[in-house]
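Here are my notes on this model, point by point. Please read them with the structure open.

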Amino acid sequence: MPTLEEFLRAHDIDAPRIEHPAVMTVEESNRLVPPLPAAKTKNLFLRDRKGRRHLLCTVPGNLAVDLGRLGVLLDTGSLGFASPERLQKHLGITPGCVSVLALFNDTEHAVEFVVDRTLWEAAALQAHPLVNTATVCLSHAGLERFLRATGHEARVIDFPARESVDQLTGPDAVDASPGS
């Protein structure tokens, strides 16, 4: 199996990469990742109550998602954060490294990709290239090519925001460095 970098090159996906200290939260990302010409993201790896559906949700870095309303919107029922074991099993990564690029490892198509409309309409977004010590800028055209090449579809929605401004908690709720 090719590496992610080889896969991106093979599919003519330009994704300029910048190295930085490891980041686990949006706050750390804001401090440690230099400004980049792409939208900051936060990624939530979620599962339904029975663990039958797994969702990779990519939202703007500053959005606190209302999981209750999201479950209703996606017709999943109750949603919760998937365990690190599920993250490893389905996306082949560890907490802190979550981004749309992890779909590269989802060869069984067990994970649904859901993206916020504002990010889908952005010219480019930030994403971790399977590690949280680097960030790439992925153009919208590159994102579409990546999804086609991996066999994933994007479900584009307006994510429901929580009324509180408190940050989400959980291993991947704060996994929000650029693209994480």
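**Notes on the model**

1. E85 sits in helix α4. Helices (H or I, at least four residues) and strands (E, at least two) are DSSP runs, numbered from the N terminus. With a relative accessibility of 58%, E85 counts as exposed. The classes are: buried under 20% relative accessible area, exposed over 50%, partly exposed in between (1.4 Å probe, protein chains only). E85 and M24 are 61 residues apart along the chain, and 18 Å separates their C-alpha atoms.

2. A word on the basis. This is a predicted model, in which local features need pLDDT of at least 70, side-chain atom pairs count only at pLDDT 80 or more, and totals for chains, interfaces and linings use all residues. Residues are numbered from 1 along each chain as its sequence is written, and side-chain values use heavy atoms, with hydrogens and water left out.

3. Back to α4, which spans residues 84-91. Its buried residues are L87, H90 and L91. Seen down the helix axis, these fall within an arc of 85°, so they line one face of α4. The arc is that of the directions from the helix axis to the C-beta atoms. E85 and K89 are exposed residues on the face turned away from the buried side.

4. What do the buried residues of α4 pack against? Their partners are β2 (41-48), β3 and β5 (111-116). Contact means heavy atoms within 4.5 Å. Just after the helix comes G92, with a positive phi of about 65°.

5. Now the overall fold. The protein has six helices and eight strands. Along the sequence they follow the pattern α-β-α-β-β-α-β-α-β-α-β-β-α-β. Among contacts between residues at least 6 apart in sequence, 73% join residues at least 24 apart.

6. Size next. The C-alpha atoms fill a box of roughly 40 × 35 × 30 Å along the principal axes.

7. Surface and burial. Of the 180 residues, 52% are buried. The accessible surface comes to about 8,300 Å², and carbon and sulfur atoms hold 52% of that surface. Areas come from the Shrake-Rupley method with a 1.4 Å probe; for residues, only the protein chains shown count as cover.

8. Charge. There are 18 positive and 23 negative side chains, and the centres of the two sets lie 5 Å apart. Lys and Arg count as positive, Asp and Glu as negative; His and the chain ends are not counted. Each charge is placed at NZ of Lys, CZ of Arg, CG of Asp or CD of Glu.

9. Two loop residues deserve a look. D66 lies between β3 (54-60) and α3 (67-73). Its relative accessibility is 18%, so D66 counts as buried. Not counting residues up to four places away in sequence, D66 touches P160, A161 and R162. T76 is in the loop between α3 and β4 (79-81). T76 is buried, at 12% relative accessible area. Leaving aside neighbours within four places in sequence, T76 contacts D48, R53, L55 and G71.

10. Last, α1 (residues 4-10). A10 belongs to this helix. Is A10 buried or exposed? A10 counts as exposed, at 63% relative accessibility. A10 and F81 are 71 residues apart in sequence and 33 Å apart in space, C-alpha to C-alpha.
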